[in-house]
Amino acid sequence: MLQSLPTVPTTASLLYPEGFLSPLEIDAAVERALAEDLGRAGDVTSIATIPAGTPARAVVVARKAGTISGLPLVAAAFRRLAPDIDIKAGARDGDSVAAKTELMTIAGDARAVLSAERAALNLLGHLSGIATATAGFVKLTKGTQIRICCTRKTTPGLRALEKYAVRCGGGFNHRFGLDDAMLIKDNHIAVAGGVRAVLESARANAGHLVKIEIEVDTLDQLAEVLETGLADVVLLDNMNVADMRKAVAMTAGRVVLEASGGITLETIAAVAAIGVDYASSGWITHSAPSLDVALDIEM
């Protein structure tokens, strides 16, 4: 069993953007990643080939251009194995960097550096890939009112981190789980007996701080939702551009509109120009390619 994660010095705060990430999520993710790699016997290669106490200096580099997310986890991974390791940040989460940018320098026990390397880079590359994908959507919607959101299509166990990466890329978070907002989908409508019935039941049971969103896939359903006056947000599911434009005109600002389904880099500019308030994409968390990052030893 790994020992308790040591407290990260306050200089690590320089790695964060304005948005925050719970230190409990950092600890848990690093603990899982290192335990998965070190197993029962530890890094047998480094133990066998590197004398104890050997020092090393390393640089974490972005091999390709992108938006960075995950540096606090990188620092925590190395400090998990070597609490006294020296870490200096060359960038912070949320930064857009060019290829070959040095993100962090590390100096300390060589065995710890080599043992934590892969876990740290896996987290950094994955989260930076999400941030980079999100930033791509945000760039294409500049000058419009739309906000880019993620969904619950996240890697099990990594949702908070992946949603943090979305914020690093300039996006916004949808609900974190089934417990923090009501999102009524087509199957809820079918089981509850229709749009009005499901909204009346939801409103009767919603707390005063709980928002109610309902998914519609036709303009007729949207008209029915608007007639009830019970929804806070309407999700336009897989609607084409023409129907979304009609939906904006129909609602006239009475409810918040979210576009979802088929939201890609190829379609987002057209969707943003329509005037909806949000666009949610599962792709930015479940399919964004990892950013190419590396650790280079400089003895």
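The model is a predicted one, and its secondary structure comprises eleven helices and twelve strands.

- Strand E1 covers residues 55–62, and six of its eight residues are buried, which leaves the strand mostly covered.

**Strand E9**

- Strand E9 (residues 233–237) is largely enclosed by the rest of the structure, because five of its five residues are buried.
- In a regular strand, side chains alternate between the two faces of the sheet.
- E9 pairs in the parallel sense with strand E8 (residues 212–216), over four bridges.
- Val216 is the residue that stands opposite Leu236 in E9.

**Ser260 in strand E10**

- Ser260 belongs to strand E10, which spans residues 256–260.
- The relative accessibility of Ser260 is 15%, and this residue therefore counts as buried, the cut-off being under 20%.
- The side chains of Ser260 and Ser280 are joined by a polar contact of 3.0 Å.
- With neighbours within four places in sequence left aside, the contacts of Ser260 are Leu235, Leu236, Asp237, Asn238 and Ser280.

**Thr267 in a loop**

- Thr267 is located in the loop between E10 and helix H10 (268–274).
- Its relative accessibility of 28% places Thr267 in the partly exposed class.
- A polar atom of the Thr267 side chain lies 2.9 Å from the backbone nitrogen of Thr264.
- Thr267 and Glu31 are separated by 236 residues in sequence, and their C-alpha atoms are 39 Å apart in space.

**Non-glycine residues with positive phi**

- Lys100 is not a glycine, yet its phi is positive at about 75°.
- This residue, Lys100, sits in the loop between strand E4 (96–97) and E5, and it counts as exposed because its relative accessibility is 69%.
- Ala252 likewise is not a glycine and has a positive phi, of about 50°.
- The loop that holds Ala252 lies between helix H9 (241–251) and E10, and Ala252 is exposed, with a relative accessible area of 61%.

**Overall properties**

- Of the 299 residues in the protein, 46% are buried.
- Among contacts with a separation of 6 or more, 72% are accounted for by residues 24 or more positions apart.
- The C-alpha atoms fill a box of roughly 75 × 40 × 30 Å along the principal axes.
- The protein exposes about 14700 Å², of which carbon and sulfur atoms supply 54%.
- There are 28 positive and 34 negative side chains, and the centres of these two sets lie 3 Å apart.

Technical notes. Residues are numbered from 1 along each chain as its sequence is written. This is a predicted model: local features need pLDDT of at least 70, side-chain atom pairs count only at pLDDT 80 or more; totals for chains, interfaces and linings use all residues. Side-chain values use heavy atoms; hydrogens and water are left out. Buried means under 20% relative accessible area, exposed over 50%, partly exposed in between (1.4 Å probe, protein chains only). Helices (H or I, at least four residues) and strands (E, at least two) are DSSP runs, numbered from the N terminus. A polar contact is a pair of N or O atoms within 3.5 Å; within protein, one must be able to donate a hydrogen and the other to accept it, and residues adjacent in sequence count only if both atoms are side-chain atoms. Contact means heavy atoms within 4.5 Å. Accessible areas come from the Shrake-Rupley method with a 1.4 Å probe; for residues, only the protein chains shown count as cover. Lys and Arg count as positive and Asp and Glu as negative; His and the chain ends are not counted. The place of a charge is taken as NZ of Lys, CZ of Arg, CG of Asp or CD of Glu. Two strands pair if DSSP finds at least two bridges between them.
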